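Biologist: Could you walk me through this model and tell me what stands behind each label? I'd like the cut-offs too, please.

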Amino acid sequence: HIVAVRDGVVERVAPIRGEVLVSPGETVRAGQPLISGMLAPGSAEYLERVGRGQLPYVRAEGVVRGRTWYRGLGEAPLVRVYEEDTGRVHRYLTVKIGEREWRIGSLEPPFALVRWEERTAAPRWLPGVSATWHVGYEIRRFEQPVDAATAREAAVAAAREQALGQMPAGVDVLDEQVSVWEDPAAGVVRAAVTVEVLQDLGRFAPIGEPVLGWPNSSAHCSG
């Protein structure tokens, strides 16, 4: 069969082989058969294949173009946080021998905001022995408000990028809907972008692949 790759509305059907199951204007769901490889009983090709002792199946071929939608979400902060080192540093050393460990120096730095780095040395000629310097750099944090219009633009851009990133090649963009709202509790602006496109809705489903809504619900695709 040719089945739908995603939900959409059929615009045009151009069959090559197989029985067309949908019409322009029809809404389809992902996985729904669009062109069947199972020939209609009584059709000329059905009778011809059965008359030759062949199964009444063909490899379905054709193009089904339709409208579908991709949605992306994005957000941008209303306050940007920056950090910088003050130049003050706190260090302590831990030495480990086997399962035992010793600390040289104070564990707690004399400042509240700190960025830690660790540097460990383990000499090969002393198995089970290691020494680790723990270095804490004092940092200063700044908050800078972001213009609401700038935050909205950034949120919409992020949402649009996510929506476009889901699209396959060869789609035609028809329309775009944008929604933007502020979330004061989270301190962000959020956006949703829905892009309407025209694309190929069909893909070939090989033998053995379950097909949505096909008779005998557990039946598999024939081609």
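Predicted model: local features only at pLDDT ≥ 70, side-chain atom pairs only at ≥ 80, totals over all residues.

Biologist: Why is Ile97 called partly exposed?

Modeller: Buried means under 20% relative accessible area, exposed means over 50%, and partly exposed is in between, with a 1.4 Å probe and protein chains only. Ile97 has 43% relative accessibility, so it counts as partly exposed.

Biologist: What makes E7 and E10 a pair?

Modeller: Two strands pair if DSSP finds at least two bridges between them. Strand E7 (residues 79–97) and strand E10 (residues 129–145) have 16 bridges and run in the antiparallel sense.

Biologist: Why is the pair of Tyr92 and Trp116 called edge-to-face?

Modeller: Rings of Phe, Tyr and Trp (its six-membered ring) pair if their centres lie within 6.5 Å; planes under 30 degrees apart count as stacked, over 60 as edge-to-face and the rest as tilted. The ring centres of Tyr92 and Trp116 are 5.9 Å apart and their planes are at 75°, so the label is edge-to-face. A search of the whole structure finds one aromatic pair. It links Tyr92 in strand E7 with Trp116 in strand E9, 24 residues apart.

Biologist: Are those two residues buried or exposed?

Modeller: Tyr92 has a relative accessible area of 9%, so it is buried. Trp116 has 39%, so it is partly exposed.

Biologist: How do you know that Arg6 lies over the face of Tyr70?

Modeller: A charge sits over a ring if NZ of Lys or CZ of Arg is within 6 Å of the ring centre and within 35 degrees of the ring normal. Arg6 lies over the face of Tyr70, at 3.8 Å from the ring centre. Arg59 lies over the face of Phe204 at 3.7 Å.

Biologist: What joins E11 and E12?

Modeller: Strand E11 (residues 172–183) and E12 pair in the antiparallel sense over 11 bridges. They form a hairpin with four residues between them, and Gly187 in the turn has a positive phi of about 70°. Strand E12 (residues 188–200) is also joined to strand E6 (residues 61–77), antiparallel, by 13 bridges.

Biologist: And helix H2: which of its residues are buried?

Modeller: Ala151, Ala155, Val156, Ala159 and Ala163 are the buried residues of H2. They cover an arc of only 130° around the axis, so they are on the same side of H2. Glu153, Glu161 and Gly165 are exposed on the other side.

Note on methods. Residues numbered from 1 in each chain as written. Heavy atoms only, no water. Helix = DSSP H or I, 4+ residues; strand = E, 2+ residues; numbered from the N terminus. Arc of directions from axis to C-beta.
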